[in-house]
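Visitor: I have a model open on my screen and would like a quick tour. Could you walk me through some strands and helices?

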Amino acid sequence: MECRLCSSGRTDVPIPRYDERADRPPIHHDSKPATMNTPTASLSVIGACPHDCPDTCSLVTTVVDGVATKVNGNPQHPQTGGVLCAKVSKYTERTYHEGRVLRPLKRVGPKGAGQFEPVSWDEALSDIAARLRAIAARDPQAILPYSYAGTMGFVQAESMDRRFFHQLGASLLDRTICASAGSEALLHTYGGKLGMRVQFFAESQLILIWGSNSITSNLHFWRYAQEAKRNGAKLICIDPRQSETAEKCHEHIQILPGTDAALALALMHELIVHDWLDHDYIAQHTLGWDALKARALEWPPERAASVCGITVEEICNLARDYGTTKPAAIRLNYGMQRAHGGGNAVRAVACLPALVGAWRHRAGGLLLSTSSTSPARRADLQMPQLLGARRPRTINMSTIGDALLHPGGAGFGPQVEALICYNSNPVAVAPESAKVAAGFAREDLFTVVLEHFMTDTADHADYVLPATTQLEHWDIHTTYGHTDVLLNRPAIAPQGQARSNAQIFRDLAAHMARHDAAFAAEHFRTSDEDLCRAATDANCVDFDTLLAQGFAVQNLPDAPFAKGGYATASGKCEFFSSALEKQGVSPLPDYVPNYETPTAAHPLAMISPPARNFMNSTFVNVQKLRQAEGRPTLEMHADDAAARQIADGDAVRVFNARGTHVCHASINGRARSGVVVGLGVWWRKDGANGTNVNELTHQQLTDMGRAPSFYDCAVQVERLSAA
Ligand SMILES: Nc1nc2c(c(=O)[nH]1)N[C@H]1C(S)=C(S)[C@@H](COP(=O)(O)OP(=O)(O)OC[C@H]3O[C@@H](n4cnc5c(=O)[nH]c(N)nc54)[C@H](O)[C@@H]3O)O[C@H]1N2
Ligand SMILES: Nc1nc2c(c(=O)[nH]1)N[C@H]1C(S)=C(S)[C@@H](COP(=O)(O)OP(=O)(O)OC[C@H]3O[C@@H](n4cnc5c(=O)[nH]c(N)nc54)[C@H](O)[C@@H]3O)O[C@H]1N2
Ligand code: SF4
Ligand SMILES: [Mo]
């Protein structure tokens with residue numbers, strides 16, 4: 001069912017109470033996957049949404065005669081509530097898309113030209129195994145796996161693949177492209193990715209939606225926020241863009257990108273000056289209050305207002321609301337941590353709930369991610385012990401452009417000679433894409449891409465291997481926006497000759513085993529279903545429950561820090577972090593200015609948050625979703641457009657020293673002055689000049705977590721031609 005929550009501003013599906021979930025009849029009792037052989041049977045198969053989205057919905061796929069006819073939200077899963085986003089409602093269209101890669105393909109043209117011919121699996125795997133063997137004989141670190149969260153499932157994202165690369169001794173990949181600045185910040189403040197349980201936002205009286213476009217990227221949280229709103233809660237959005245979410249909140253504070261730490265410190269200033277503090281909570285459950293207090297007193301609202309590009313009144317009113325409303329909750333999201341000071345910003349905001357004692361109530365506190373509650377047995381799945389005594393170097397996925405262009409040498413190690421890419425589309429999504437594309441275009445780089453579609457990255461492959469979609473394979477999922485565990489069963493047979501990622505790495509291991517007995521070991525033969533069984537701790541999650549109802553609810557406290565109990569070394573909320581101090585990072589939250597502040601040459605700050613109908617660069621090729629998004633655009637404030645004689649719909653050249661991206665201006669009232677917004681992430685090959693927004697972004701990393709700073713980017717804009 002396609003969701004209308006966001007446009008109506010009302011929930012048309014009632015939110016089931018959390019404790020009502022028990023003992024409903026399962027939809028699909030059969031423990032076998034539906035197969036093409038099932039004659040004229042109509043089945044409902046329960047699965048899980050694989051995407052990098054905090055909601056991790058439970059899916060019900062209707063299968064008639066072996067064909068998936070529709071995908072709905074599971075009404076029995078409270079967090080899903082029978083509702084899916086527009087994207088995944090189109091899952092059958094994506095699965096049966098005419099562009100699906102259904103056979104192994106071998107490159108026959110120049111690198112990047114996208115010219116391929118079909119080959120057999122055996123030919124592809126034999127050749128790949130031989131190439132990898134030859135490289136590994138010189139130095140296995142010249143082989144680099146590259147993957148991210150195209151699917152979040154443990155089996156298809158981090159099981160057999162990791163075993164394979166660990167056995168090989170390949171380079172390790174630092175998976176930083178999304179959330180690692182915020183993750184590090186939470187680690188050094190709360191001791192892990194822990195926070196409020198999302199359903200209790202429905203009981204909050206004040207909700208700050210901070211660096212999150214919930215209607216786009218966290219729709220099921222938005223249901224709870226709507227319920228709170230109906231119960232009288234005030235909703236305040238803090239976002240440089242007048243997002244779909246901002247326009248539905250009571251207030252919108254349209255802050256300049258990368259300045260959230262200054263705002264948070266000024267809020268602390270006001271909490272102190274007006275004594276809206278919970279002294280008892282601070283004394284018992286926090287570390288470093290005196291130091292933080294001194295820091296905050298350096299930030300009167302006047303100072304922050306000029307840094308953040310907002311009014312003193314906005315700051316004072318926000319502080320009053322936050323200091324005097326109980327329970328108050330913050331839905332922090334990853335938008336604010338994609339700038340130089342992203343880690344510090346998250347830490348500054350994460351200190352606020354302890355100051356006012358918001359954690360005492362289950363509807364108060366903060367939620368960025370709950371993934372530290374995941375009961376996944378990662379080490380069992382990945383088997384890092386297969387490395388033995390070897391300690392391969394680690395390459396940061398966020399600087400893949402520089403890494404691929406590096407000739408090798410001291411401090412770096414061997415040049416990257418082979419890259420195996422799955423669950424990711426780096427040529428489109430990684431920063432400074434001119435360098436990424438040049439790296440992938442290296443004739444001497446051997447590239448294998450496991451994919452559903454001919455993405456920008458697949459175009460650059462030597463071999464493209466057809467992968468199954470979520471409707472065709474087993475998997476198991478934990479989440480970062482709620483705390484349930486979900487099982488995905490295959491609803492249909494693999495399309496064409498597609499194989500699951502785990503199967504492909506099993507098969508590759510079997511080919512390697514012809515020359516290297518280590519790859520013949522039992523752990524290279526574990527089936528996908530058995531990997532699912534091995535993925536979670538049986539004490540936390542009962543696999544039979546997962547088989548029966550598709551999800552399992554973990555038994556966790558309602559309010560994680562009501563009585564302290566932080567997961568830090570001190571057991572307290574660490575305002576002051578000596579761990580950070582040791583790393584040379586400010587031990588107290590600080591305002592760290594953007595790398596790229598406006599200059600005369602590049603006076604506009606560009607952010608590039610997700611488009612509502614895409615999932616990063618996924619779904620860009622699904623016709624109905626693409627139609628809904630239209631074409632690549634740059635949202636501009638009317639004044640910034642007028643100063644450049646740009647009218648709505650004009651073709652524009654967006655540029656900086658790294659490159660030029662051509663798209664169309666959209667003067668739709670969403671951008672604030674001084675800031676432009678290029679919603680992402682389109683495929684490069686669809687861009688008017690063969691680029692997307694990442695042509696403009698840079699590879700400099702955040703203050704914590706070694707993450708990219710996509711939203712810390714200065715540009716200039718020129719009119720190209722009239723609409
Ligand atoms: N429809 C859809 N859903 C998605 C995705 C998608 O591509 N499409 N992507 C998924 C993924 S991988 C992720 S990580 C999440 C991302 O989702 P979120 O965690 O919500 O993060 P972003 O979408 O990066 O940014 C959210 C909001 O932050 C704003 N923002 C940008 N810079 C700043 C800043 O400096 N300060 C503040 N306060 N706000 C800022 C943006 O304008 C945007 O409205 O969404 C997931 N869900
Ligand atoms: N400018 C800018 N750039 C950004 C962002 C931004 O906000 N602005 N967001 C960043 C963020 S938060 C993230 S998380 C990254 C996301 O970047 P990626 O992780 O690369 O995500 P996607 O673009 O969705 O690409 C995932 C690919 O995996 C494939 N895939 C899905 N399931 C499977 C499977 O089971 N097997 C195989 N083999 N393939 C599969 C899909 O077809 C798709 O092409 O992008 C980052 N890039
Ligand atoms: S992308 Fe998010 S909202 Fe959409 S179905 Fe998947 S988990 Fe649910
Ligand atoms: Mo992400």
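Visitor: How many bridges join S15 to strand S16?
Guide: First off, keep in mind that this is a predicted model. S16 covers residues 446–451, and S15 and S16 run parallel. One pairing to click on is Tyr422, whose bridge partner in S16 is Leu450. As for the number of bridges joining S15 to S16, it's five.

Visitor: And which residue of S15 is the bridge partner of Ile143?
Guide: For that one, look at strand S6, residues 143–147. S6 and S15 run parallel, with five bridges joining them. The bridge partner of Ile143 in S15 is Ala418.

Visitor: Is S15 mostly covered or mostly open, and how many of its residues are buried?
Guide: In a regular strand, side chains alternate between the two faces of the sheet. Here, Ala418, Ile420 and Tyr422 point one way, while Leu419 and Cys421 point the other way, and all are buried. So with buried meaning under 20% relative accessible area, S15 (residues 418–422) comes out as mostly covered, and its buried residues number five of five.

Visitor: Over to the helices: are H10 and H15 roughly parallel or roughly antiparallel?
Guide: Helix H10 is residues 260–273 and helix H15 is residues 342–355; their axes lie 8 Å apart, at an angle of about 25 degrees. Angles under 35 degrees count as roughly parallel. That's why H10 and H15 are roughly parallel.

Visitor: How many nonpolar residues are in the contact of H10 with H15?
Guide: H10 passes H15 in a left-handed crossing. On the H10 side the contact includes Ala264, Leu267 and Met268, and on the H15 side Ala348, Val349 and Leu352 are among the residues involved. The contact also has one polar and one charged residue by class, and the nonpolar count is eleven.

Visitor: Does H10 pass H14 in a left-handed or a right-handed crossing?
Guide: Helix H14 is residues 312–324, and the axes of H10 and H14 come within 9 Å, crossing at roughly 65 degrees. The crossing of H10 past H14 is right-handed.

Visitor: Last one: which are the edge strands of the open sheet of three strands?
Guide: The order is S18-S19-S20, with antiparallel pairing. Strand S19 (residues 485–488) pairs with S20 over two bridges, and Val485 has Ala552 as its bridge partner in S20. Each edge strand pairs on one side only, and the two are S18 (475–477) and S20 (551–552).

Key:
Residues numbered from 1 in each chain as written. Chains lettered and ligands numbered in written order. Predicted model: local features only at pLDDT ≥ 70, side-chain atom pairs only at ≥ 80, totals over all residues. Heavy atoms only, no water. Buried < 20%, exposed > 50% of the residue type's maximum accessible area, 1.4 Å probe, protein only. Helix = DSSP H or I, 4+ residues; strand = E, 2+ residues; numbered from the N terminus. Pairing = 2+ DSSP bridges. Axes fitted to C-alpha atoms, helices over the stretch in contact; angles between N-to-C directions. Parallel < 35°, antiparallel > 145°, perpendicular 65-115°, else oblique. Left-handed = near helix turned anticlockwise from the far one by under 90°. Contact = heavy atoms within 4.5 Å. Nonpolar A, V, L, I, M, F, W, Y, C, P; charged D, E, K, R; others polar.
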